[in-house]
Amino acid sequence: SIEVSTITSTNDAGLWLIDPYNYFLSTSNLTTLDNNLVSSNITITTTGSTSGSFSSTSFGFGHIVFQDNFTYDGAGNRTLTLTADGDIYLQDITSSSGALTLDINATGNQVYLDGDLSLNGGSIDIASTDVHFQKEGNQSITTSGGSLAFNSTNLKLLQSGGTVSFNTGAGSLNLGSGTIGYTTTKQSITAPTLKLTSAGLNAR
């Protein structure tokens, strides 16, 4: 693991940009992300890629996937920006001390929320074709004073017998211009199973 600090002499946080083809963040990766958010705002950007005769299936569609729950425990207010050329899949995201703002961008693609978001005063801005609320049972987004904006994103609710609730406190709530509908299908994104060998790309 690595640690990067962009703290300035005036104690302001700079920006650390991470830009691969896909990003599948394991439990240990998310711990590293938390450690680095303590000192920096972070942007993760993915790009679906085609190179020569290799398709995006081989190189990656540009997904961002959190494979476990994520907690930010730094004292400072921070912004985590996720910009995917493909889809974004998130589980529980919690801020336990400072406010965590989420800027989630999957323009033209899908955002899958498989957990609750509780950001301790941080805001959430989502830009995608659809956002899927697919936690089984009750699901919530709580900003505790931060704003929540869906822009033109369509909201799709999993029919699981629970409710979806938004609590922004004194923060603004913008449901946007998208539609609200239901789905019976719970989605997931699996990590690629291809590797590079001396003979090229082969199934693992």
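User: In this predicted model, what share of the contacts between residues at least 6 apart in sequence join residues at least 24 apart?

Analyst: Quick ground rules: the model is predicted, so local features need pLDDT of at least 70 and side-chain atom pairs count only at pLDDT 80 or more, while totals for chains, interfaces and linings use all residues. Residues are numbered from 1 along each chain as its sequence is written, and side-chain values use heavy atoms, with hydrogens and water left out. Contact here means heavy atoms within 4.5 Å. Counting the pairs at least 6 apart, the share joining residues at least 24 apart is 57%.

User: Is Ser95 buried or exposed?

Analyst: Ser95 sits in strand β8, residues 93-95 (strands are DSSP runs of E, at least two residues, numbered from the N terminus). Beyond its neighbours within four places in sequence, Ser95 touches Tyr72, Leu100, Ser118, Leu119 and Asn120. Buried means under 20% relative accessible area, exposed over 50%, partly exposed in between (1.4 Å probe, protein chains only). Ser95 has a relative accessible area of 6%, so Ser95 is buried.

User: What percentage of the chain's residues are buried?

Analyst: The chain has 204 residues, with two helices (DSSP runs of H or I, at least four residues) and 19 strands. The buried share of those residues is 42%.
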